[in-house]
Amino acid sequence: MDLPKHLRLLRPFALLALATGLAGSTLGFILLVQAQWANVGVGWPWRQVHGQLQVFGFLIPFVTGFGIYLVPRVAGGQPIRQRWLARLALGAQGAGVLFVALTVSLSEAGGWAHRLAAIAVLVGTLSAALAMRGPIVAHARAVGGRSKVGYLWLLEGAVAFLALAGLADAWALGSAGAYGLLQDRWAQAAYRLGIEGFAVGMALAIAARMFTGFLGLAPGSTYPAERSAYRRAPGEVWAFWIATLGWAVSVIGAALALAFSWTVLGAGAELLFSLSVFHFAVRLGLGRSVGSLAIDRTVDPVFPWGARAAFALLTVSAVIGAASAVAELWGAPLHPLWNDARRHALTLGFLLTLIATMAGRLAPGFAGRKPWGPRLRVIAIACFSSGGLLRTLEGVAAQWDLPRLFLVSAASGGLALVGFCSLVAFLGVTLVTARTAH
C-alpha cells in the first residue's frame with residue numbers, strides 16, 4: 001500500500017546510479033579487452049576509478065535509493081523522519097562520482113579532488129546510513145523493545161556496514177596522494193564492506209522479507225515469533241541466526257585483513273562468509289516451494305527464473321570462495337584471479353541479476369505504470385547471469401594456463417555492458433515516465 005508520508009527519492013538515486021554504472025561498465029569492458037584480448041597493461045588508477053564508480057557510484061546509490069523506498073515499508077511502516085539526511089546523501093553521493101572521476105583526469109595535480117571525493121563519499125554514506133536506520137529504531141521502540149524479526153537484524157547490519165564502507169573509502173581517498181599501497185588496501189577493504197556488507201546484506205534482508213510471497217517459499221524464521229503459522233523448527237531458527245552472525249563477523253574480518261594484510265584472517269573470513277551466504281542461498285533463492293500462492297508466478301513469470309539464477313550464482317561464488325580459502329590455509333598454490341572470479345560471480349552474477357529481477361517488481365509499483373520494455377529486463381537478467389558465470393572461467397584459465405579460455409571469459413565484459421544498457425533503458429524509462437511518485 002502506498003504511504004504518501006514516505007520520501008520520493010527512488011527516482012533520482014536510481015538515475016544517478018544507472019548513469020554512473022553505465023560509465024563504469026563501459027570502462028570495465030575496455031579494461032578487460034585491453035588486459036585479456038590486446039595484452040595491454042592496465043594502469044592502476046583506471047582500475048581504481050572502475051572500482052569506485054561501480055561500488056560507490058552505482059551499487060551504493062542504487063541500493064540506497066531502493067533502501068529509502070523499502071526500509072520504511074518493511075520496518076512497520078515507520079517513515080524516515082530526518083528527510084534532510086536522505087537528501088544530503090543524494091547530493092553527496094552525486095558529488096562523490098564527479099570528484100572520483102576528476103582524481104584520474106587531474107592525476108597528481110588533483111590532490112584536492114581526492115580530498116573532496118573523500119568528504120563526499122563519507123557524507124553520502126553516513127547520511128544514508130543514518131536516514132535508513134531511523135525507521136528500524138522507531139519500529140523497535142514501537143513494539144516495546146528490539147524486534148525479533150530476523151530480516152531487520154540483517155537490515156540493520158547492512159546499514160552499519162554502509163557507514164563503515166564510507167569511513168574506509170574516505171581514508172583511502174584522503175591518503176591517495178600518490179596511489180600508494182596503503183590507499184589500495186583501504187580501498188579494497190571499503191569495497192568489501194560496501195559490497196558484501198551493505199549490498200549483500202540488503203539483498204538478503206529484502207529477499208527474506210519478500211520471497212515467501214514472491215516465490216511461494218515456505219515461511220521462515222525471519223518472521224516474528226508471535227506469528228505461529230510462520231514458525232519453523234527450532235534448529236532452522238538457530239541456523240538463520242548463526243548464518244547472520246557469521247556473515248557479519250566475516251565481513252568485518254575480511255575488511256580488517258585487507259586493510260592490514262592479515263592473510264590468515266582473510267582466508268578464515270572468506271571461508272566463514274562463503275558458508276554463511278551458502279545457507280541463505282539454499283534457504284531463500286533456492287528454497288523449496290510449498291505450493292502456496294506465489295505472486296510472481298502469474299504476475300511476473302520472469303521473477304522466479306531471475307531470482308533462482310541470482311542465488312545460484314551466489315552459491316557459485318560461495319563455493320569458489322570456500323575452496324580458495326581452504327587452499328590458501330592449506331598452502332596449496334592458487335592463482336590470484338580466483339579472487340576476481342569469485343568477486344564478479346558475486347557482483348555481476350548475484351547482485352546485478354537480483355537487481356534486474358527485483359526492479360521488475362518494485363519499479364512499476366513506484367512508477368504507477370506497467371514497466372517499459374519488459375523484454376529488456378529479460379535481456380539484462382540473461383546477460384548478467386551468463387556474464388557472471390563466464391567470468392568464473394578466468395580462474396580456471398589462469399590456474400591451468402589455458403589462454404583460449406581467457407578469451408571466452410573476457411566475453412563477460414561485453415555481456416555486462418549489454419546488460420547494463422538494457423537495465424538502463426528498462427528501468428530508466430519506467431521511472432522517468434512515472435505516473436505517480438511514492
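Helices here are DSSP runs of H or I with at least four residues, and strands are runs of E with at least two, numbered from the N terminus. The model is predicted: local features need pLDDT of at least 70, side-chain atom pairs count only at pLDDT 80 or more, and totals for chains, interfaces and linings use all residues. Residues are numbered from 1 along each chain as its sequence is written, and side-chain values use heavy atoms, without hydrogens and water.

The patch lies on the surface and consists of Trp-84, Leu-88, Trp-112, Leu-116, Ile-119 and Val-123. Together these residues have about 570 Å² of accessible area (Shrake-Rupley method, 1.4 Å probe; for residues, only the protein chains shown count as cover). Helix 4 gives the most, with 4 residues. Leu-88 sits in helix 3. Its relative accessible area is 36%, so Leu-88 is partly exposed (buried is under 20%, exposed over 50%, partly exposed in between; 1.4 Å probe, protein chains only).

Helix 5 spans residues 150-174. Its 25 residues reach 37 Å from the first C-alpha to the last, close to the 36 Å expected (1.5 Å times one less than the number of residues). Of these 25 residues, 19 are buried, so helix 5 is largely enclosed by the rest of the structure.

The protein has 14 helices and 0 strands. Of its 438 residues, 55% count as buried. The accessible surface comes to about 17,800 Å², and 69% of that belongs to carbon and sulfur atoms.

Notes. Patch = residues over 30% accessible without salt bridge, like charges linked within 9 Å, V, L, I, M, F, W, Y side chains within 5 Å. Salt bridge = Lys/Arg side-chain N within 4 Å of Asp/Glu carboxyl O.
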